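Dear colleague,

I am handing over the structure below, and my notes on what was found in it follow directly after.

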Amino acid sequence: MTALAKLFRATAFRLTLVYLLVFALFAAFLLGYFALNTRRLITEEITSTVDAEITGLAEQYNQGGIRRLVFVIETRSRRPGSSLYLVTTPSGEGLAGNIGSLVPGVLAKPGWMETAYRRLEDPETAEHHALVRVLQLPGGFRLLVGRDLEERERLFDIIATAGRWSVAIVIILGVAGGVFVSKRVLNRVDAMTLTAQTIMAGDLSERLPIAGSGDELDRLASNLNAMLERIEALMRGLKEVSDNVAHDLRTPLTRLRNRAEEALRTSKDEPGYRSALEATIEESDGLIGTFNALLMIARAESGEARENMSEFDAAEVAQDVSELYEPLADTKGLALRVEATPAPVKGNRELVSQALANLVDNAIKYAEPQGHAANGTPAEIVVTAGSEGDRIKLAVRDGGPGIPEADREHVIERFVRLERSRTKPGSGLGLSLAAAVARLHGGELKLEDNAPGLKAVLDLPRFAA
Amino acid sequence: MRLLIIEDDRDVASYLAKAFSEVGHVADVAADGEDGLNLALEGSYDVLIVDRMLPKLDGLSVIGKLRAAAVATPALILSALGQVDDRVKGLRAGGDDYLAKPYAFSELLARVEVLARRRVGPGEETVYRVADLELDRLSHRVTRGKEEIVLQPREFRLLEYLMKHAGQVVTRTMLLENVWDYHFDPQTNVIDVHISRLRSKIDKGFSQPLLHTVRGAGYMVRDGAR
């Protein structure tokens, strides 16, 4: 596309053209109206002057006859800038006046008309136009009085010229302005398009340029940038998942395969095969669990689960989940306690329950069993729920080994398991899921020091009815 | 028990049919939605096992058409989509239970048997009895022999569900879904601990245990003497 064609297609330019057309039409209309009105006014002025003069002259005739009329006309004709006069005999011979030649037949019809004429004193000049009135006097004499229209035409011409010029200037300035504005907009849009093409070519880290003027293009660009940010994060997440899936599912899959091979090679009898098969099934159940957890995280992160949001009290979730885990804690010599005050939240109850369940599960899994507390009372896990300003907090505090500060961000990532926990069962996805659920609800998962132990907090926006 | 398996994957279908026949059930197989619908309309089956994604007519439509034709045969939906809202959609379409692939056969069997019994079994009784164990659903009282057993509310619901399906295997997932209303998999097997607590309350000190563990499948409340 050539630069010119592009310019013509620009919205800004087209808009300018439309405005320009409207303004030019308006200006033309205004000037035309002005010119016509002026012309009408002048004509009226002429008419009344001529009327007054012809009435005066007719009176002179009535009082002093043709001689008097001729005398008056002779006198008036010689004044500079005088009107036009002509008085003729009934046969059409001129008796007095300042008109040299006239279009034939004008005198025949009494009344108003526009006609061409030449003055007596300068018969060589071009014909002028005049507005004249012809009156038949008693006795057959004819009287013509008129005014030259030159002045009126000149004024009209001046206005018409002014009109043409102003329309021309409006158009020139308008087109120039349109080109200027469109070029500015086009340049910025071109810059955006260029960036967008780079992004489409695969470089997701590019961002659209922002001029800093805070105008609508800037707003658009910053919103698109926020969108790109999100897309990039999702893509990164996706890549991470696929990398991790490849890595972490490969290990158990290999184990599964090895076990089956080994059973084929070494087992001689039914019990041998049976136990190998049972181990295989157990291993695949673990794989399925990991896979489900990954899917759940992916769903929470994609925001797909937003459809199932409803209002509920997180305090009830804390009670229910604690109730589910209390016997398990008990068997490990841990006391599980709930401190819950109303915490209204809008979200996916199932997912929030699962997130909290994962946190409690972790607390139980990693907490030191009884005897940790020197005085013999069992170690405690406290599940709390409550509102704080416009946030609600669901927290699990334990007295276990905690997580070193340097590792806290790290453990939320998928499949990350700290060295000392590798021997314990688990997929390494529990915290990732909890964090994904928190993000889905517009909150976050915070891991803090409980000194000793870990305090895991689901910090979510409070639901205000 | 007569079953109809509507499943387009030949391997899965024949594996299921074989597995069901090994435990004494008869299973017919339909390979697409239309065949499945026709068979279900003609034959008298105890339970339908319907895959969600089927050629010609999808699983939910099959169930929808059956319900529209006033066929109330219980239907269990099998699906590769295991998420909560997919479940809800399936149950809303007229399905009676929902199981996500991949599943353990023992899980499927337990659910199918529960569905089949729901159909022929007596209505909702107010008192469940197994041997000398009695659970009154109205007064919330549980007694064994002459002794009253005090249960926590959740323990009561757990026992209620187990006794409602007395003589049938109930899996951990079924308990989690029906007693706790959770559809996720808690990482550690919390259900086992709840069961052993309940067991200590209802079986401890009695010569005959009623709450049994079915290896590789789940639990069952059963009168052991019979």
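How many residues of chain B are in contact with chain A? The model is a predicted one, in which local features need pLDDT of at least 70 and side-chain atom pairs count only at pLDDT 80 or more, whereas totals for chains, interfaces and linings use all residues. Residues are numbered from 1 along each chain as its sequence is written, while chains are lettered from A and ligands numbered from 1 in the order in which they are written.

To the question: 18 residues of chain B are in contact with 21 residues of chain A (contact meaning C-beta atoms, placed from the backbone, within 7 Å). On the side of chain B that touches chain A, helix H4 (84-92) and helix H8 (190-202) of chain B each supply at least two residues (helices, H or I, of at least four residues and strands, E, of at least two are DSSP runs numbered from the N terminus), and H8(B) gives the most, with four residues.

Chain B also holds an open sheet of five strands in the order E2-E1-E3-E4-E5, with parallel pairing (two strands pair if DSSP finds at least two bridges between them). Strand E2 (26-30) and strand E5 (97-100) of chain B each have a single partner strand and stand at the edges, so one side of each is left without a neighbour in the sheet. Strand E1 (residues 2-6) and strand E3 (residues 47-51) of chain B pair in the parallel sense over four bridges, and B:Ile6 has B:Val50 in E3(B) as its bridge partner.

Best regards

Technical notes. Two residues are in contact if their C-beta atoms, placed from the backbone, lie within 7 Å.
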